[in-house]
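Trainee: I would like a close look at one part of this model, and then at what else is worth noting in the fold.

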Amino acid sequence: MRKLVQESWQRSLALSLDPLRLVPEHELSSDERRELRDRHPLAAVLPVVHNLLIRHAFHSGLIVAIGDEFGRLLWIDRDRTVRSKAEGMLFVRGSDWSERRVGTSAPGTALALDHGIQIQRAEHFNQLAHPWSCTAVPIHDPHSGSILGVIDITGGDEAVAPQTLPLVEAAVAALEAELRIQRLSVAADPPTVARFFGSAPPAAPARPCPVRLAVLGRDHGRLDSAGGPVQISPRHAEILTLLAWNRDGLSADRLSLLLTDQTNAVDNLRAEMVRLRGVLEQTSPRIGIASRPYRLETSVELDAQRVLASLERGAHRVALGAYRGPVLPSSTAPGIVQIRAEIYARLWQAMLSDASAELLLEYAPHRRGHLRR
């Protein structure tokens with residue numbers, strides 16, 4: 001037995017935990033869980049987790065879970081089959097998987113030791129967890145250094161493959177960097193604290209209106225900004241959707257492959273970019289597209305990503321209300337087809353797993369419409 005595991009088992013025995021009985025703390029109610037998630041600092045960086053981990057683990061039989069600093073699982077993403085199996089060991093949202101409650105496990109022991117670890121099958125203290133393997137890495141506040149939570153990947157042997165721990169560590173580094181950037185953005189615009197004598201303080205400057213891109217249930221995209229709505233062509237909508245979905249940018253070769261399989265695709269893309277930049281001159285604030293790689297210089301809120309964000313919060317009715325239909329339904333671009341299928345699959349899975357019967361009936365027309373397409 002590895003020394004790390006042996007020491008964790010000794011801590012588990014000292015807590016009088018039973019290795020034949022798994023008793024994580026009772027699951028939080030949906031309201032308690034929602035409140036915890038809404039006010040947790042990691043809620044602001046969930047899109048980064050989605051882009052770096054969840055999108056790739058979704059069809060791999062792996063579970064991606066995020067817990068808070070106490071080991072309570074707040075977010076879990078996985079396919080329905082894996083979820084049903086994991087429920088057998090009470091690996092569910094709201095349950096406490098700290099070492100003090102379940103003994104040796106990747107999320108609990110990573111928090112106890114404050115570094116990334118991998119726990120494989122029978123290394124778990126509790127026998128109910130022996131069919132599973134997991135990798136977990138704690139997440140730290142970029143300024144104070146205190147632990148904010150933990151990211152865990154659970155599944156079969158793939159969950160403890162040699163490349164999994166560096167992958168999760170890289171994702172955590174990206175999360176912490178995103179938290180730092182968000183806080184610097186807030187600090188750059190501090191509130192006015194000067195005293196005013198005999199006169200009212202000046203009105204606070206209005207926050208800039210975000211640029212939103214609507215592509216659900218429509219073939220032409222629509223950009224909504226302070227300057228008013230701007231309708232864009234199907235091809236330009238495809239390009240902006242792919243760039244908004246891939247925030248870190250795409251090379252010309254990769255973007256052209258996601259748009260078409262034509263041999264002269266890169267040359268056509270460069271010409272299309274010139275035309276698209278001309279259209280974006282009409283927006284306020286102006287949307288810039290950088291090159292090498294192509295990436296958005298201005299934040300663009302994609303309506304499809306708002307649906308996913310609502311699902312992450314457990315707000316299924318909000319997500320359903322925001323889902324106007326498939327992403328650019330007439331598009332045959334490979335990258336758009338992939339995004340369309342992923343959003344539909346995640347929405348349908350969430351409805352099957354967690355939604356009420358009433359909400360499922362409400363969603364049925366969307367499913368029929370998607371299947372016809």
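Where does Pro 293 lie?

Mentor: Pro 293 is in the loop that runs between strand 9 (289-290) and strand 10 (295-296). Helices (H or I, at least four residues) and strands (E, at least two) are DSSP runs, numbered from the N terminus. The peptide bond leading from Arg 292 into Pro 293 is cis, and its omega is near 0 degrees.

Keep in mind that this is a predicted model, in which local features need pLDDT of at least 70 and side-chain atom pairs count only at pLDDT 80 or more, while totals for chains, interfaces and linings use all residues. Residues are numbered from 1 along each chain as its sequence is written, and side-chain values use heavy atoms, with hydrogens and water left out.

Leu 90 has a phi near 60 degrees, which is a positive value in a residue other than glycine.

Next come the sheets. Strands of a sheet pair through backbone hydrogen bonds, either parallel or antiparallel. Here two strands count as paired if DSSP finds at least two bridges between them.

Arg 212 stands opposite Asp 224 of strand 7.

A second open sheet has five strands in the order 2-1-5-4-3, with antiparallel pairing. Strand 2 (73-77) and strand 3 (117-120) are its edge strands, each pairing on one side only. Its neighbouring strands are turned by 20 degrees against each other on average, again with direction ignored. Six bridges join strand 1 (residues 63-68) to strand 5 (residues 147-155) in the antiparallel sense, and Ile 63 stands opposite Thr 154 in strand 5.

Helix 8 (residues 234-245) packs with helix 10 at an angle of about 90 degrees, the axes being 10 Å apart. Helix 8 and helix 10 are therefore roughly perpendicular, a label for angles of 65 to 115 degrees; under 35 is roughly parallel, over 145 roughly antiparallel and the rest oblique. The residues in contact (heavy atoms within 4.5 Å) include Ile 239 and Leu 243 of helix 8, and Leu 269 and Met 273 of helix 10. This contact has eight nonpolar, one polar and three charged residues. (Ala, Val, Leu, Ile, Met, Phe, Trp, Tyr, Cys and Pro count as nonpolar, Asp, Glu, Lys and Arg as charged, and the others, Gly among them, as polar.)

Helix 9 (residues 252-259) also packs with helix 10, at about 95 degrees and with the axes 9 Å apart. Helix 9 and helix 10 are therefore roughly perpendicular too. Ala 252, Asp 253, Leu 255, Ser 256 and Leu 259 of helix 9 meet Ala 265, Val 266, Leu 269 and Met 273 of helix 10. By class, that contact has seven nonpolar, one polar and one charged residues.

Technical notes:
Axes are lines fitted to C-alpha atoms, for helices over the stretch in contact, and angles run from 0 to 180 degrees between N-to-C directions.
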